[in-house]
Amino acid sequence: MGIVKVNTMVTFHLETRDGTRREITGAAGISAMEAIRASGCDEIAATCGGSCSCATCHVYLRKAAPEFLPPISPTEEDLLDFAEDRTEQSRLSCQVILRPELDGMEITVAPASAF
Amino acid sequence: MAHDFGNIDAMIADPRTYMDRATYHALFAHLRREEPVRWTAPEGIAPFWLVSRHADVHSVESRASVFLNAPRAVMRPVAVEEALAARQAGHKEIIRSMNNMDGEEHRQVRAITSRNFLLPSVRRMTDEIDAIAQEFVSRLIYKGPETDFVQDVAVWYPLRVIMALLGVPAGDEALMLKLTREIFEEKSRDEFGKQRDQAQLGFFSYFRDVLEDRRKNPRDDLATTIANGTVNGAPLPEFESLSYCLTVATAGHDTTAATIAGGLLALIENPDQMQKLRADVSLIDSAVEEMLRWVAPVKHFFRTAAEDTRIGETAIRAGDSVMLAFPSPGFDADMVEAPEEFRVDRAPNPHLALGSGPHACLGQHLARLEIRQFFLAFFDRIDEIALNGTPSYSPSSFISGLSSLPVKFTVK
Ligand code: HEM
Ligand code: FES
């Protein structure tokens with residue numbers, strides 16, 4: 001039997017810099033950065049458009065199973081290195097591709113970095 | 001506002017359409033309104049969906065695993081694609097660089113040089129770029145008080161920056177400029193492709209020697225980084241490493257030069273905006289974004305659908321190709337307030353002149369810094385500036401911008 005492809009949606013919790021919490025839903029396959037920006041939150045400037053070159057999409061990630069996250073690439077590692085306020089939970093949200101297994105994760109927007 | 005554009009397929013394929021700013025923007029306003037995802041089939045060119053709305057271009061770019069960069073990058077006649085495929089084991093583009101790759105391979109190839117182009121790395125180059133900008137403003141003054149801003153200044157400045165980074169000596173810059181023009185310009189439909197072919201060979205023989213040299217004598221430049229680049233632990237093959245050099249060498253200067261020249265023209269044509277920016281140079285960053293939106297020198301790249309999908313309401317079949325018209329989203333009234341107005345303080349400014357998603361312009365932070373430092377240096381020294389003739393544009397459906405901007409000016 002053929003598999004019917006549906007546009008799977010993934011929901012996660014976002015905490016913005018002012019401490020407000022909200023739920024965000026985005027289609028599997030796009031990045032968390034895209035989903036957050038599409039929700040109208042502009043605390044994530046995403047200056048480079050998601051090409052992993054600006055670090056203005058820095059977030060802290062919790063309750064996300066590591067095996068379903070793309071590994072941190074050397075370029076992301078370089079950028080996170082520049083970011084002040086880096087923690088073990090740090091990721092660049094443009095590199096976090098939504099998938100069903102990440103449903104329910106919690107994302108906090110990191111403080112803005114000035115390089 | 002019914003406007004009969006006649007044969008839209010032919011217009012999209014015709015390099016002259018891109019030389020006429022008013023017609024180009026009227027055409028795309030029509031497309032965004034009436035046919036936002038348009039099946040386009042110019043004679044002699046493989047057909048494609050032409051995507052013009054902001055939401056749609058953005059959505060295609062963010063679904064990078066569905067809309068692939070391989071195998072088709074730019075518009076060219078089927079006859080040229082077939083000739084290339086015959087000589088390059090089926091590959092239909094003149095190069096194979098990160099722009100023709102997807103997924104993990106793209107990530108690794110881009111990562112070979114990406115460290116040099118990260119926003120924090122680029123910020124550290126500010127003083128060097130500023131010094132080069134000042135040198136070229138001083139050249140402008142020397143050439144003045146009447147000069148062709150494009151031919152005398154704009155094309156040379158970003159060329160100096162990218163060639164210095166790449167490691168090409170200043171003495172070879174004129175050759176690089178000539179080859180770049182041959183890659184991007186289309187003199188006529190008949191020659192479409194032929195001169196690009198020659199230029200590709202010219203670039204390749206030049207960079208073959210450079211790469212060879214850097215493997216033996218490493219230096220602190222991008223050529224050395226590319227010469228020693230690896231993918232999955234293996235050295236980058238020759239075609240790919242030559243393509244890399246060609247991409248960095250060509251992508252980095254005509255685009256930036258066009259934006260600086262087009263930005264200056266917009267300021268001259270909008271004296272209130274020139275005045276506003278001069279009075280408050282802290283607006284420089286938003287002014288740079290507005291210049292990028294206004295000029296958007298990269299007219300398209302393609303994507304190819306990997307599976308059946310949709311763009312907005314339109315069903316797309318696996319294998320269909322999609323042309324992303326990068327200037328158009330910046331003029332989409334759904335996203336941009338009063339898009340026909342040039343405003344140096346525009347914010348937000350969600351243009352897509354640099355693309356978005358994993359393939360978004362590698363050199364974007366460098367380009368922004370170059371434009372920024374140029375205008376800061378320019379406002380320091382130049383007083384009044386006015387048009388001194390008719391500007392003209394280069395004929396290309398891929399990368400096109402001002403080829404001549406006659407100006408006269410006074411120095412402070
Ligand atoms: C104002 C100047 C520039 C403009 C308007 C511009 C525009 C663009 C656009 C529209 C793309 C395709 C984006 C996409 O597919 O989403 C691109 C890609 C690219 N640009 Fe630029 N660019 C500029 C300057 C530069 C500079 C200075 C460099 C220097 C190295 C550069 C290198 C590249 C490369 C390597 C790619 C391919 C990236 C990839 O496929 O991963 N560009 N650029
Ligand atoms: S959006 Fe620039 S690094 Fe993520």
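The model is predicted, with local features requiring pLDDT of at least 70 and side-chain atom pairs counted only at pLDDT 80 or more, while totals for chains, interfaces and linings use all residues. Residues are numbered from 1 along each chain as its sequence is written, chains are lettered from A and ligands numbered from 1 in the order in which they are written, and side-chain values use heavy atoms, with hydrogens and water left out.

Ligand 1 sits in the largest cavity. A cavity is a set of points, on a 1 Å grid over the protein atoms alone, where a 1.4 Å probe fits but cannot get out; a molecule sits in it if more than half of its atoms lie within 2 Å of its grid points. Around the ligand there are 29 residues, a residue being near a molecule if one of its heavy atoms lies within 4 Å of it. Those that come nearest are B:Glu61, B:His106, B:Arg110, B:His359 and B:Cys361. The shell comprises 15 nonpolar, 11 polar and 3 charged residues, where Ala, Val, Leu, Ile, Met, Phe, Trp, Tyr, Cys and Pro count as nonpolar, Asp, Glu, Lys and Arg as charged, and the others, Gly among them, as polar. At least two shell residues each are supplied by helices H5 (103-117), H13 (238-251) and H14 (254-269) and by strand S7 (301-305) of chain B. Helices (H or I, at least four residues) and strands (E, at least two) are DSSP runs, numbered from the N terminus.

The iron atom of ligand 1 has B:Cys361 (SG) as its only protein donor, at 2.3 Å; donors are N, O and S atoms within 2.8 Å of the metal (3.2 Å for Na, K and Ca), and water is not among the atoms, so sites may look incomplete. B:Cys361 belongs to the loop between strand S10 (321-324) and helix H17 (364-381) of chain B. Oxygen atoms of ligand 1 lie 2.3 Å from a polar side-chain atom of B:Glu61, 2.7 Å from one of B:His106 and 2.9 Å from one of B:Arg303.

Helix H13 of chain B contains B:Glu240, which counts as buried because its relative accessibility is 12% (buried means under 20% relative accessible area, exposed over 50%, partly exposed in between; 1.4 Å probe, protein chains only). B:His253, in the loop between H13 and H14 of chain B, is buried at 0%. B:Pro47, at 36%, is partly exposed.

Methods: A polar contact is a pair of N or O atoms within 3.5 Å; within protein, one must be able to donate a hydrogen and the other to accept it, and residues adjacent in sequence count only if both atoms are side-chain atoms. On a 1 Å grid over the protein atoms alone, a cavity is a set of points where a 1.4 Å probe fits but cannot get out, and a pocket is an open set with protein on both sides within 12 Å along at least five of seven lines; lining residues have an atom within 4 Å of a point.
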